[in-house]
Amino acid sequence: MLKVLKHPLLTHKLTLLRRRETTTKDFRETLEEISGLMAYEITRDLPLREITIETPLEKCKTYELAMDVVLVPVLRAGLGMVDGISNLIPTARVGHIGMYRDHVTLKPMTYYSKFPDNLANAIVMVLDPMLATGGSSTAALQVVKDHGAKTIKLVCVVGAPEGVDRIMKDHPDVQIYLAEIDEKLNDHGYIVPGLGDAGDRIFGTK
Ligand code: PRP
Ligand code: URA
């Protein structure tokens, strides 16, 4: 399942991310804001359980979240999405996958992974702003599955059609969320028009 989250605020903030002249500070802050806006939609189907509490006036039946949420940013760029989402889900635990794309082969190289316990009973949200060839995301999804995750969402900001097709083929059970689908990949595997190298723009590296 693919959901592209159309919203005027998302579109406006994405324009800011795309602009060449956007500074590192503004890029980082805007990515956090976009992630926060996306959080509302990606949590829409979280399961609730009924509980009874006491208000100052009387007992009442109400609801609370029934499942843990685990956020899994794909380093480095996925780190830029964690705060925006965890602001809304402060109880979320966080795992990490370290992965970079080899510049020549475009194949993902995994260098780190660490997860909280019991991924099997959590809703696992894999975070990476860029879904280009899909190589990194499909590998990251396999890593969380190998650690027991069963209910998984992939949350990216900009996707290329090639990456979306790859994830739908490799992981048909995973819900994909995007703020926008761009036109295509260029010869170097960059999304166009895209926003450039997300990791470099978040951290001010080159
Ligand atoms: C970027 C991005 C994704 C990946 C997308 O990471 O954050 O992880 O590329 O490309 P793909 O869909 O073709 O795999 P990068 O390899 O630049 O690492 P970085 O975040 O450490 O800069
Ligand atoms: N990784 C990025 O950061 N940007 C792209 O356009 C493709 C891969």
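**Close-up views of a predicted model**

R76 has a relative accessible area of 33%, which makes this residue partly exposed. Keep in mind throughout that this is a predicted model.

**View 1. R76 and D200 meet in a salt bridge.** Here the side chains come together with an N to O distance of 3.1 Å. R76 sits in the loop between β4 and α3 (82–86), while D200 belongs to helix α6 (residues 198–203), so this pair ties together parts that are 124 residues apart in sequence.

**View 2. D68 pairs up with R93 in another salt bridge.** The closest N and O atoms are 3.4 Å apart. This pair also links distant parts of the chain, with D68 in strand β4 (residues 68–75) and R93 in strand β5 (residues 93–94), 25 residues apart. Both ends are partly exposed: D68 has a relative accessible area of 46%, and R93 has 27%.

View 3. E29 counts as partly exposed at 38% relative accessibility, whereas K25, at 52%, counts as exposed. Across the model, the salt bridge count comes to 14.

**View 4. Ligand 1 has 16 residues around it.** R101, D128, T133, G134 and S136 come nearest. Look for a polar side-chain atom of T133, which lies 2.5 Å from an oxygen atom of the ligand. On its own, ligand 1 has 510 Å² of accessible area, and the protein covers 91% of that.

**View 5. Ligand 2 is surrounded by residues including R101, M130 and Y190.** Which backbone contacts can you pick out here? I191 places a backbone N or O atom 2.8 Å from an oxygen atom of the ligand. For G196, a backbone N or O atom is 2.8 Å from a nitrogen atom of ligand 2. A polar backbone atom of A198 also lies 2.8 Å from an oxygen atom of ligand 2. Taken alone, ligand 2 exposes 240 Å², of which the protein buries 89%.

**View 6. Three strands make an open sheet in the order β9-β11-β13, with parallel pairing.** The edges are β9 (130–131) and β13 (180–181); each has a single partner strand, so one side of each is left without a neighbour in the sheet. Two bridges join β9 to strand β11 (residues 158–159). In β11, V158 is the bridge partner of M130, and M130 is also one of the residues surrounding ligand 2.

**View 7. Strand β12 (residues 175–178) runs parallel to strand β1 (residues 2–4), joined by three bridges.** Y177 in β12 is the bridge partner of K3. Strand β10 (residues 151–155) is also parallel to β12, again with three bridges, and there L154 has I176 as its bridge partner.

**View 8. Y100, M109, Y111 and Y112 make a nonpolar surface patch of about 420 Å².** Strand β7 (residues 108–114) gives the most to this patch, with three residues. Y111 lies in that strand and counts as partly exposed, at 46% relative accessibility.

Definitions and conventions. Residues are numbered from 1 along each chain as its sequence is written. Chains are lettered from A and ligands numbered from 1 in the order in which they are written. This is a predicted model: local features need pLDDT of at least 70, side-chain atom pairs count only at pLDDT 80 or more; totals for chains, interfaces and linings use all residues. Side-chain values use heavy atoms; hydrogens and water are left out. Patches are made of residues with over 30% relative accessible area and no salt bridge: like charges are joined within 9 Å, nonpolar side chains (Val, Leu, Ile, Met, Phe, Trp, Tyr) within 5 Å. Accessible areas come from the Shrake-Rupley method with a 1.4 Å probe; for residues, only the protein chains shown count as cover. A salt bridge is a side-chain nitrogen of Lys or Arg within 4 Å of a carboxyl oxygen of Asp or Glu. Helices (H or I, at least four residues) and strands (E, at least two) are DSSP runs, numbered from the N terminus. Buried means under 20% relative accessible area, exposed over 50%, partly exposed in between (1.4 Å probe, protein chains only). Two strands pair if DSSP finds at least two bridges between them. A residue is near a molecule or strand if one of its heavy atoms lies within 4 Å of it. A polar contact is a pair of N or O atoms within 3.5 Å; within protein, one must be able to donate a hydrogen and the other to accept it, and residues adjacent in sequence count only if both atoms are side-chain atoms.
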